Amino acid sequence: AITAAISKSALEHVVFLSSLGAELPSGSGVVRGLHYGENALWGTGRAVTSIRAGYFLENWGAVLPLAKAQGVLPTFHVPTQPIYSIATHDIGVAAAQSLVDGPRGRRIIDLVAPTEYTANDIGQAVSGILGKPVAVQAAPVEAIVPTFTSMGISQNVAELYRELIESMRAGLVKPQVANELRRGKLGPNEVFRPMLG
């Protein structure tokens with residue numbers, strides 16, 4: 001529907017929020033839909049800027065209440081493995097700048113945070129904001145599907161999230177050498193402080 005609307009319009013430039021890993025045709029879970037979306041948009045013949053964002057720092061928001069109440073930060077990520085992340089504010093800035101830049105043919109921007117953070121780094125940041133110890137509690141990938149389905153998420157979508165996390169653990173979801181690399185300005189402290197209010 002989106003590509004049909006673009007094709008019928010006089011629009012010259014599309015800015016698309018995608019994800020790291022969108023170059024993968026399979027094995028990337030929910031990101032596979034963005035692989036399809038990018039290719040469909042490129043098929044319109046219009047200039048497309050694809051912003052391949054890292055893992056949203058705000059995704060940690062779902063477990064911050066546990067950190068605040070119980071001093072525990074659950075995660076399916078390997079605690080010591082760096083994660084390519086990004087703050088959603090920085091995505092907005094990059095999208096706006098891309099619109100201002102105007103059409104540049106097929107442009108791919110890999111967008112990540114100022115540095116890569118591990119789950120342990122996230123735990124330390126939350127601990128510092130709360131002023132109390134926060135223990136990172138890693139769960140096995142086998143727990144992903146049961147955890148997600150217990151929250152009302154369908155079995156199919158839960159399996160896709162498991163596949164995504166497994167591909168992140170395998171180091172497949174990362175910036176690509178051929179793409180433009182841009183780093184945002186915000187890190188865990190700036191993102192989590194207002195969330196922990």
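Author: Let's start with strand S2 (residues 47-53), which is mostly covered: 7 of its 7 residues are buried. Buried means under 20% relative accessible area, exposed means over 50%, and partly exposed lies in between (1.4 Å probe, protein chains only). Helices (H or I, at least four residues) and strands (E, at least two) are DSSP runs, numbered from the N terminus. Keep in mind that this is a predicted model, where local features need pLDDT of at least 70 and side-chain atom pairs count only at pLDDT 80 or more, while totals for chains, interfaces and linings use all residues. Residues are numbered from 1 along each chain as its sequence is written, and side-chain values use heavy atoms, with hydrogens and water left out.

Reader: Which residues of S2 point one way, and which point the other way?

Author: In a regular strand the side chains alternate between the two faces of the sheet. Here Ala47, Thr49, Ile51 and Ala53 point one way from S2, with Val48, Ser50 and Arg52 pointing the other way, and all are buried.

Reader: How many bridges join S1 and S2?

Author: S1 and S2 pair in the parallel sense over 7 bridges. Leucine 17 has isoleucine 51 in S2 as its bridge partner, and serine 19 stands opposite alanine 53 in S2. Because 5 of the 7 residues of S1 are buried, S1 is largely enclosed by the rest of the structure. Contact here means heavy atoms within 4.5 Å. Axes are lines fitted to C-alpha atoms, for helices over the stretch in contact, and angles run from 0 to 180 degrees between N-to-C directions.

Reader: What about strand S6: how many of its residues are buried?

Author: In strand S6 (residues 106-112), 6 of the 7 residues are buried, so S6 is largely enclosed by the rest of the structure. Six-bridge pairing, written as 6 bridges, joins S2 to S6 in parallel, with arginine 52 opposite aspartate 110 in S6. S6 also pairs with strand S8 (residues 180-183), parallel again, over 4 bridges, and there leucine 111 stands opposite arginine 182 in S8.

Reader: What does proline 114 touch?

Author: Proline 114 lies in the loop between S6 and H5 and is partly exposed, with a relative accessible area of 34%. Leaving out residues up to four places away in sequence, proline 114 touches Arg183, Gly184, Lys185 and Leu186.

Reader: And which residues have the most contacts inside the largest nonpolar core?

Author: In soluble globular proteins, nonpolar side chains tend to be buried together. A nonpolar core is a set of buried Ala, Val, Leu, Ile, Met, Phe, Trp, Tyr and Cys residues joined through side-chain atoms within 4.5 Å. The largest one here has 25 residues, and those with the most contacts inside it are Trp60, Leu73, Ile122, Val126 and Phe192. Helices H3 (64-70), H5 (119-130), H7 (155-169) and H8 (188-196) are the elements giving two or more residues to this core.

Reader: At what angle do H5 and H8 pack?

Author: Two packed helices are described by the angle between their axes and the distance between the axes. H5 and H8 pack at about 50°, with their axes 10 Å apart. The contact involves Ile122, Ala125, Val126, Ile129 and Leu130 of H5 and Pro188, Asn189, Phe192, Arg193 and Leu196 of H8.

Notes: Pairing = 2+ DSSP bridges.
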